[in-house]
Amino acid sequence: MTLDGERPPAGLLLAAGEGSRLGRPKATLELDGERLVDRGVRMLRDAGCSPVLVVAGAEPVEVIGAVVVPNAGWRAGMGSSLRAGLAALPPDCPAVVVALVDQPLVTAAAVRRLIAAYRDGAEIAVATYGGAPRNPVLLGARHFAAAAESAVGDRGARDYLRAHPGLVTRVPCDDVAAPDDIDTPEDLAAFDRRPGGPRAEG
């Protein structure tokens, strides 16, 4: 139990980029018959996040089960999307799980581990793979403003987390998820060749 009771963390899916190296925006890219944006929203909802927000930019999207937050400044990089998403959270939001639309092997099981760490008292929880911190990331409410202030260019909350390592709880997720992202056509082809297809469940 945290000071915020049993209210669930919100989910925030950053999906505003144009996918310059891929050649198209990633949000509406389909894998296994499902758009990446829909997969990301489903994953956050299955993990218990509520509400779920999607930051859109290069390509407008409509998403069932999520609030779409337009980011007119998406060209400035992922930091602008994080700022837009944090600013759109409900005022009583106790925490938020931030995920990226181009990591389709991040699972609800990984997010649930971050939420469990938060319920156990973690102010910031970060998924790790092979010991290295990646995504998703959970931020407690008292860190929203400072994380937004430090989010510039494509760095998101990275600078804030590195500046406050003592506040960060690392949560191993190697056995339930993977941080592989889709940045290029070659990345996409590799996902298509994965045994059993690209959909990540759990």
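This is a predicted model: local features need pLDDT of at least 70, side-chain atom pairs count only at pLDDT 80 or more; totals for chains, interfaces and linings use all residues.

Trainee: Which element supplies the largest share of the lining of the second largest cavity?
Mentor: Two elements each supply at least two residues there: helix 1 (36-46) and strand 6. The largest share is four residues, and it comes from helix 1.

Trainee: How do the residues of that lining of the second largest cavity divide into nonpolar, polar and charged?
Mentor: The division is eight nonpolar, two polar and one charged.

Trainee: Now the largest pocket. Which residues are the closest to its centre?
Mentor: The largest pocket has a volume of about 1200 Å³. It is lined by 40 residues. The closest to its centre are Met78, Leu100, Asn135, Asp154 and Arg158.

Trainee: Which element gives the most to the lining of the largest pocket?
Mentor: The elements that give two or more residues are strand 1, helix 2, strand 6, strand 8 (132-140), helix 5 (158-163) and strand 9. With five residues, the one that gives the most is strand 8.

Trainee: How many residues of the lining of the largest pocket are charged?
Mentor: The lining holds 19 nonpolar residues and eight polar ones. The charged residues number 13.

Trainee: Is Asn71 buried or exposed?
Mentor: Asn71 sits in the loop between strand 5 (67-70) and helix 2 (78-87). Its relative accessible area is 8%. Buried means under 20%, so Asn71 counts as buried.

Trainee: Which side chain makes a polar contact with the side chain of Asn71?
Mentor: Leaving aside neighbours within four places in sequence, Asn71 is in contact with Ala16, Val55, Ala56, Gly57, Ser80, Ser81 and Ala84. The polar contact spans 3.0 Å, and the partner is Ser80.

Trainee: What do the buried residues of helix 2 pack against?
Mentor: In helix 2, the buried residues are Gly79, Ser80, Ser81, Leu82, Gly85 and Leu86. They pack against strand 1, strand 4 (52-56), strand 6 (95-100) and helix 4 (144-150).

Trainee: How many residues apart are Asp183 and Lys26?
Mentor: The structure holds seven salt bridges. In one of them, Asp183 pairs with Lys26, with the closest N and O atoms 2.6 Å apart. Asp183 lies in the loop between strand 9 (168-172) and helix 6 (185-192), while Lys26 lies in the loop between strand 1 (10-15) and strand 2 (30-31). The pair links distant parts of the chain, 157 residues apart.

Trainee: Glu34 forms a salt bridge with Arg42. Which of the two residues is buried, and which is partly exposed?
Mentor: Their closest N and O atoms are 3.0 Å apart. Buried means under 20% relative accessible area. At 13%, Glu34 is therefore buried. At 21%, the partly exposed residue is Arg42.

Conventions:
Residues are numbered from 1 along each chain as its sequence is written. Side-chain values use heavy atoms; hydrogens and water are left out. Buried means under 20% relative accessible area, exposed over 50%, partly exposed in between (1.4 Å probe, protein chains only). A polar contact is a pair of N or O atoms within 3.5 Å; within protein, one must be able to donate a hydrogen and the other to accept it, and residues adjacent in sequence count only if both atoms are side-chain atoms. Contact means heavy atoms within 4.5 Å. A salt bridge is a side-chain nitrogen of Lys or Arg within 4 Å of a carboxyl oxygen of Asp or Glu. Ala, Val, Leu, Ile, Met, Phe, Trp, Tyr, Cys and Pro count as nonpolar, Asp, Glu, Lys and Arg as charged, and the others, Gly among them, as polar. On a 1 Å grid over the protein atoms alone, a cavity is a set of points where a 1.4 Å probe fits but cannot get out, and a pocket is an open set with protein on both sides within 12 Å along at least five of seven lines; lining residues have an atom within 4 Å of a point. Grid points are joined across faces, edges and corners, and a volume is the space filled by probe spheres set on the points.
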